[in-house]
Amino acid sequence: MGGIPGLYEFLQIHRDTQHPKHKETKTWADSRYFKEYDPDWINDSLKSWMYKKTEWDKIQHENHRVIEDKYRKS
């Protein structure tokens with residue numbers, strides 16, 4: 001996108017349906033699974049996990065490594 005200025009330009013074009021590059025930009029964004037920031041969606045997604053700190057054995061750890069946590073049993 002070209003850093004912060006490129007991001008702002010992208011967002012402006014993506015949101016402006018009358019912009020000459022809107023269709024091309026939207027197609028590119030859709031191919032990258034772009035979603036506008038939506039804190040409500042993020043919070044709802046996180047609530048569905050429903051893990052307690054003591055339930056480490058229920059979390060899939062393939063891509064995560066816990067360095068230290070006082071709630072995790074050795």
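Colleague: What makes F10, W28 and F34 a cluster?
Modeller: Ring pairs link F10, W28 and F34. Rings of Phe, Tyr and Trp (its six-membered ring) pair if their centres lie within 6.5 Å; planes under 30 degrees apart count as stacked, over 60 as edge-to-face and the rest as tilted. The model is predicted and its residues are numbered from 1 along each chain as the sequence is written. Local features need pLDDT of at least 70, side-chain atom pairs count only at pLDDT 80 or more, totals for chains, interfaces and linings use all residues, and side-chain values use heavy atoms, leaving out hydrogens and water.

Colleague: How many aromatic pairs does this rule count?
Modeller: The count is two aromatic pairs. In one of them, F10 and W28 are 5.8 Å centre to centre, with 80 degrees between the planes, and form an edge-to-face pair. F10 lies in helix α1 and W28 in helix α2, so this pair ties together parts 18 residues apart in sequence. Helices here are DSSP runs (H or I, at least four residues), numbered from the N terminus.

Colleague: Why is F10 called buried?
Modeller: Buried means under 20% relative accessible area, exposed over 50%, partly exposed in between (1.4 Å probe, protein chains only). F10 has 7%, so F10 is buried. W28 has 35%, so W28 is partly exposed.

Colleague: Why is the pair of F10 and F34 called edge-to-face?
Modeller: The planes of F10 and F34 are 90 degrees apart, and the centres 4.9 Å, which makes the pair edge-to-face. F34 lies in the loop between α2 and α3 (39-47) and F10 in helix α1, so the pair ties together parts 24 residues apart in sequence. At 26% relative accessible area, F34 is partly exposed.

Colleague: Which residues of α1 are buried?
Modeller: The buried residues of α1 are G6, F10, L11, I13 and H14. Seen down the axis of α1, these buried residues fall within an arc of 165 degrees, so they line one face of the helix. The arc is taken from the directions from the helix axis to the C-beta atoms. Turned away from that buried side is a face with the exposed residues I4, P5, Y8, Q12 and R15.

Colleague: How do you know that K35 lies over the face of W41?
Modeller: A charge sits over a ring if NZ of Lys or CZ of Arg is within 6 Å of the ring centre and within 35 degrees of the ring normal. K35 lies over the face of W41 at 3.9 Å from the ring centre.

Note on methods. Helices (H or I, at least four residues) and strands (E, at least two) are DSSP runs, numbered from the N terminus.
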